[in-house]
Amino acid sequence: MRKSGRSAENEGPIASHKRIIRRVYGLQPLVDQVTDQTVAIEHAKYQTAELIMCRAISIGEWMRSIGPYPEKVQGWRALCVGANLPDVPGFRNGRR
């Protein structure tokens, strides 16, 4: 008996195929391995994107794509340097 109360007829095709593959063919270890590898790949892609955004972007590109938009600047600060970044000396509200 299923705990969710859903019958096999109400399952989507993907869920049904996964259940059949796991039960009939015993491929759960392979499914787990593929899932782990996919998670590792996605984590590496995230780390690469963060590295580029925080350390490898040129100042010119930063000024064109992030600088003019206060919400993007705040997001960049939160991601890359945290809230402890002081304002630039001599500037107030973006003006000298």
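Reply: Start with helix α2 (residues 28-56): E42 and K45 both sit there, three residues apart, about one turn of the helix. Helices here are DSSP runs of H or I, at least four residues, numbered from the N terminus. This is a predicted model, where local features need pLDDT of at least 70, side-chain atom pairs count only at pLDDT 80 or more, and totals for chains, interfaces and linings use all residues. Residues are numbered from 1 along each chain as its sequence is written, and side-chain values use heavy atoms, with hydrogens and water left out.

Me: What do E42 and K45 form?

Reply: A salt bridge, with the closest N and O atoms 3.1 Å apart. The term means a side-chain nitrogen of Lys or Arg within 4 Å of a carboxyl oxygen of Asp or Glu.

Me: How many salt bridges by that rule?

Reply: Two. R64 and E61 make one as well, at 3.2 Å, N to O. Both lie in helix α3 (residues 59-65), three residues apart.

Me: Is R64 buried or exposed?

Reply: R64 counts as exposed because its relative accessibility is 58%. The cut-offs are under 20% for buried and over 50% for exposed, with partly exposed in between (1.4 Å probe, protein chains only). E61 is partly exposed, at 34%.

Me: Switching topic. Which residues make up the largest nonpolar core?

Reply: C54, W62, I66, V73, W76 and C80, six residues in all. Helix α4 (residues 70-81) gives the most, with three. Such a core is a set of buried Ala, Val, Leu, Ile, Met, Phe, Trp, Tyr and Cys residues joined through side-chain atoms within 4.5 Å.

Terms used: Helices (H or I, at least four residues) and strands (E, at least two) are DSSP runs, numbered from the N terminus.
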